[in-house]
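Subject: Model handover

Hi,

Here is the model I promised to pass on.

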Amino acid sequence: MTDSHFSRRSLLRYGAYGAGAAALAGTAASWDRLTGADIPGRDDGSLVVATLGPAYGPEAIRTLTEGFRKSHPDIKLRINAVQATDWSDFFAKILTQIAAGTAPDLVYVATEGVQLFAQRLGVALDKWVKRDADELREYFADVHPSLVESMMYEGSLYQLPVEFNAADIYLNSQVLKRAGASFPAADWTRDDFTALLRDMKKSSGSQFTPYFWTNRLWGGVVPWLFANDTNLLSESKAPGGAWLWDSFYPAADRQGRGGGYRWTTPQATHERVEEAYDYLASLIQEDLCTRPEGGNGQNLIGVFSTGRVGVTPAGGFWAGGLNLAGMKPGSFDVQYFPRWRTQRMQFGAAGYALLRTSKLQDEAWEFIKFASRRDTLMRLFETNQTTPARRSMLTADRYREMGPSHWQVFYDTLDKFPDTGPIPAPPQVAEVEQVLLKHTGTALASRRSVAPALRRMQSDLEKAMERDV
Amino acid sequence: MTNTQIPAVRPQQPVAEAAPAPRPSARERGTRLLAALFLAPTIVGIVIFTVVPIVGSIVLSLFHWNVIDSPTFAGAANYREMVNDSTVLVSFRNTLVFMVLAVALQLLIALTLALAVNGRMPVWLRSVFRSAFFFPLILSAASISVVMKYLFNQDFGLVNWLLGLIGIAPVPWLTSENSAMAAVILVYVWQQFGFSFLLFVGGLNNIPKEIHEAASLDGATGLRKHLSVTLPLLSPTLLVASVVGIINALQVFEQPYVLTNGGPGDSTRTVVMVIYETAFEQLRFGEASAVGVLLFVLVMAVTALQFRLSRRFVHYQ
């Protein structure tokens, strides 16, 4: 048995504990607590727009929200900047939000996800585009039809492109000078490209890598496949789309246009695909370029700006990146991707996709129009972090302080090469990309490994394309 | 040394007559209630965050589900697909190879360093070593892997630059099928060995000095003393360290994902990477769950085997 009487000291101690607990409980009770409304987009009536976080900083978000509020004070807007490492990671997070019942109304979607969203989640914009045709005439006149076509799926339009990036070739002027080479001509060939890499290697030593590329769907092997007049998957166009072309584009621009791209049969074992891989394998064997696993965009700006890399494929987005890294105009320049069998180039574009689950579809359409307005994009893309989809925004003024000197290349990749097209991104894009990256790594281990790796790639692509998403 | 392990179940004492259990006093009831209250948050947490997801995964593995549409019952189709998928099979092989090599290296380094740190040295220096070896463990595995990716880059990495200074040609650390797994294991072990190291330091401190002194009097020295005295007495700690090490190694994800993304080819693709890719990139949550269930069974089987073997090799004082 213990003594049930409290001593004075115990009484004081327990009293202090009690007072402390009461204070803690009181403090906790007085704090604002999270409720369902604090979950982005849930139950507060806002129009929720999900964007790729790293591409949309706080300044961009402010531009969008404040600008939209001025135009549409009646629509409450919330920008949900989703942090992700790449588009694939971004789509995975958006799909998780949808599964969790917190689907946004609009999602910023790049070419990689256009068909996946269109097929499974998106709403066609056709009825609104037709309704507001007069208002949109100025937009379509300013945007290349290839970009618009890349946002169509089976005859319907799912997004208005606001930005794009084609894979052009950036060249380090200091490295060019060191190699005694002149800036390449616009119609340079694959052989000119190889000769330039050899000259650069000779003049810059063993610690130098002439050609840096990243193993990914955009800007990896695909530009070489396009230049060799082939593709990873057979490419065709869906019927339809005349409603749009006839309404907004002159006859010359309508030719060959359809209802969006179709990527169907895998053709990894096609001889031209094998040629492209053989070529890259030969560059690796000659120590003229990075191996696929060695190149990643994270350290690219650093090694390019310090002259340890000579050339790399990139889009208009890199002008801003190199400027931030301290490169002055004149210290780098850009040229088209070299010609092989053709000089067809590849691009990726992005815009806002409207989700079927949205209860604010009319409001979302208003945001889509607002986000594709010239004044909005001018404020949004001040730092040249991308190539605007509107041709009129690419001016000498824009690139005077940052470079490159041949900034016209960015839009001329579309205007002067009208067959330039989007990267192959069917609804099964995630698995297709994974198969491409995996087998590209094995294929380029040596020249002899190209054919067996492409056979395995073909088999895996066939399985991926058979699968219903 | 004899095996004096305590039997798991004590032999029951014969009971002359089953007497009714005495009614617990108010104080005992209060103590039990208090115990239940203290245990409740943990139990609720385990049920919500462990039991429910495990059961959920098992159920989900029997369905096709792409997040967008409603799940459809698939029976054993996901399991059939899994065993016919070469990527899944390769990932299991990679994970097992990784587990064996990484855990062996981790335990060896940790034990060697623990013995060294436990030797004669100033107390402050011992503290410095303990902190230094444990430090990588508190860092994010993804951050470490990003830094290591820069260091091991074949063309621009510091490691190859340093090797170049002594005339060694660039090593394709992350770009060759032969060396990529080795690089992933090195990075993983560098970060993880600190935990085993701390366990071993604690275990070594618990070995009574008298036993070492007795062994010395019997003529045991150096390696013989460690093999015959230290290791058997440290075997319970070794068991804990290896069980934890194996469970962690079987779930490795960050290092191969960041360093090599599973490549070149599939040479460093692990089971958890396949689960992530299948579920969150390809939207095949049912198949990903089936792979997860198989990994769960594998972890349980390996752990059970370890405990089974431990009856022969683990010595309790």
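Below is what turned up, going from the domains to the sheet, the chain contact and a helix pair.

First, the bookkeeping. This is a predicted model, so local features need pLDDT of at least 70 and side-chain atom pairs count only at pLDDT 80 or more, while totals for chains, interfaces and linings use all residues. Residues are numbered from 1 along each chain as its sequence is written, with chains lettered from A and ligands numbered from 1 in the order in which they are written.

Domains. Chain A splits into domain 1 (38-165 + 349-393) and domain 2 (168-232 + 267-344 + 428-466); the bounds come from an automatic or database domain assignment. Their C-alpha centres are 30 Å apart. Where they touch, 10 residues of domain 1 of chain A meet nine residues of domain 2 of chain A (contact: C-beta atoms, placed from the backbone, within 7 Å). On the domain 1 side, helix 4 (residues 111-120) of chain A gives the largest share, three residues. Helices (H or I, at least four residues) and strands (E, at least two) are DSSP runs numbered from the N terminus. By class, that domain 1 side has one nonpolar, eight polar and one charged residues. Here Ala, Val, Leu, Ile, Met, Phe, Trp, Tyr, Cys and Pro count as nonpolar, Asp, Glu, Lys and Arg as charged, and the others, Gly among them, as polar.

Sheet. Chain A also has an open, mixed sheet of four strands, ordered 8-11-7-12 (strands pair if DSSP finds at least two bridges between them). From one strand to the next, the twist averages 25 degrees. Strand 7 (residues 168-172) of chain A runs antiparallel to strand 12 of chain A, with four bridges between them; A:Leu171 has A:Asp333 as its bridge partner.

Between the chains. The contact involves 21 residues from chain B and 23 residues from chain A. Helix 11 of chain B supplies the largest share of the chain B side, three residues. That side divides into nine nonpolar, eight polar and four charged residues.

Helix pair. How do helix 3 (residues 86-117) and helix 11 (residues 271-281) of chain B cross? Their axes come within 8 Å, at roughly 145 degrees (axes are lines fitted to C-alpha atoms over the stretch in contact, and angles run from 0 to 180 degrees between N-to-C directions). Among the residues making the contact are B:Phe92 of helix 3 and B:Met273 of helix 11. The set divides into five nonpolar, three polar and no charged.

Cheers

Methods. Two residues are in contact if their C-beta atoms, placed from the backbone, lie within 7 Å.
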